[in-house]
Amino acid sequence: MPASWTIGPAVARTRSPERQRVLVAAVFALTLGLITLDVITWVELDVGAIFGLPLLLVGPTRSRRLLWFLTALLTITTFAVYAIQIPEGAFRLSETFFVNRVLDVVALLLIAALLHVRMVAADTSEAQARLIAEQNEKLEAAKVSRRLVEVQESERRALANDLHDLVGQKLTALNINLNIVKIESAPSMRAGSGARLNDSLKLVEETIESIRNVMAELRPAVLDDYGLSAALRWYAEQFVKRTGVATTVSEQGFARRLSPAVEESLFRIAQEALTNVAKYAHAGKVAVTLAATPDMSRLTIADDGAGFDPSAWKRPAKDHGWGLMIMRERAAAVGAELNVESAPGQGTRIIVTVRSHVRGSGERA
């Protein structure tokens, strides 16, 4: 269905290019017809009213250039017809025919000026409507994104709890039972059976440790209990153990708890950034900084690795770019700003800024 806009109460403009061309052609045909009529009739026409008709028809095109082109053309025609009609040597400024033509031109200019103002107002109104629509779309997208993050964190929490209740506890019980069997059977146990039992105990203990690591990745208890700073320090220790990359975590400003949603997003962004460091950066050092002022909180993850050109990673490809996209979506979900500073051979800085007005009522002192 074609969209339309209104200049006045009953003047609408279609956006169809084909109809636009037809309308412009009709305006020019009418204009030329009226000019011809004014030239060949040799009688006084009500130029202000008749020549104003093409200008009114220009309105739906919303072309201010066309409006003033026709105004100039009709103004020139108005005086040209007078110059043709007046006998040689009969020109006087006070002559009625000339005065009427001047008044007609003034009327044309007033019509054009009013139409120009209405066109500008219509363009401004449409631009504001587009801006409002875009802002509403962004707000809705942010709400959906935040809801998805909340659902994801809820699912992570539920899965971690299930692993603890359904798997972790049973493995712990199995470990206890195997140790009891080992103790009770020690005097009569064969050497081979003892070795297998010890191997089974080791496997159970390693499985328990692996499940604990998975649970911590899914939902680190330290984040809920002690906050973002403690969670970042804990994760940095795990990261150093896995990768050997020297990682430091520091705080600047005064410490405070943010809302759960913001802390979760910042922690997940730090996780993703460190994962990217391990995969692509070939870095020797990583510095994680959590800074806070009364107006904002800022998380920075900086490495001394290979770096890259951020402008070349606007869209994720099959094997890269997804991490940055995920980080941007997580930041947008809580109203944060994410900036990436990097260049080939100069390392990378991920900066996430949360302004005070988006920390939410859930902020904790």
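Which helix holds A158? A158 lies in helix α5, which spans residues 96–185; helices (H or I, at least four residues) and strands (E, at least two) are DSSP runs, numbered from the N terminus. The structure is a predicted model, in which local features need pLDDT of at least 70 and side-chain atom pairs count only at pLDDT 80 or more, while totals for chains, interfaces and linings use all residues. Residues are numbered from 1 along each chain as its sequence is written, and side-chain values use heavy atoms, with hydrogens and water left out.

To begin with the overall picture, the chain has 10 helices and seven strands. Of its 365 residues, 37% count as buried, where buried means under 20% relative accessible area, exposed over 50%, and partly exposed in between (1.4 Å probe, protein chains only). The chain exposes about 21300 Å², and carbon and sulfur atoms supply 60% of that area; accessible areas come from the Shrake-Rupley method with a 1.4 Å probe, and for residues only the protein chains shown count as cover. Among contacts with a separation of 6 or more, 69% are between residues 24 or more positions apart, a contact being heavy atoms within 4.5 Å.

A look at the helices comes next. A158 and L218 are 60 residues apart in sequence, and 9.3 Å separates them in space, C-alpha to C-alpha. Helix α6 (residues 191–218) contains E205, which is partly exposed at a relative accessible area of 44%.

The interior can be followed through its nonpolar cores, each a set of buried Ala, Val, Leu, Ile, Met, Phe, Trp, Tyr and Cys residues joined through side-chain atoms within 4.5 Å. The largest core has 37 residues, and those with the most contacts inside it are L232, L266, L299, I301, L338, I350 and V352. Two or more residues of this core come from each of α7 (221–226), α8, α9, β4 (285–292), β5 (296–303), α10 (322–333), β6 (337–342) and β7 (348–355). Helix α9 gives the most, with nine residues. I301 touches A270, A273, L274, V286, A287, V288, T348, R349 and I350, leaving aside residues up to four places away in sequence. A second, separate core has 14 residues, including I35, L55, L74 and A112.

What does a search of the whole structure find in the way of cavities of 30 Å³ or more? The search finds one. A cavity is a set of points on a 1 Å grid over the protein atoms alone where a 1.4 Å probe fits but cannot get out, and lining residues have an atom within 4 Å of a point. The volume of the largest cavity is about 40 Å³, and its lining consists of L232, Y235, A236, V249, A270, L274 and V288. Helices α8 (228–243) and α9 (260–281) each supply at least two lining residues, and α8 gives the most, with three.

Most residues other than glycine have a negative phi. H282 has a positive phi of about 55 degrees although it is not a glycine. H282 sits in the loop between α9 and β4 and is exposed, with a relative accessible area of 69%.

Terms used:
On a 1 Å grid over the protein atoms alone, a cavity is a set of points where a 1.4 Å probe fits but cannot get out, and a pocket is an open set with protein on both sides within 12 Å along at least five of seven lines; lining residues have an atom within 4 Å of a point. Grid points are joined across faces, edges and corners, and a volume is the space filled by probe spheres set on the points.
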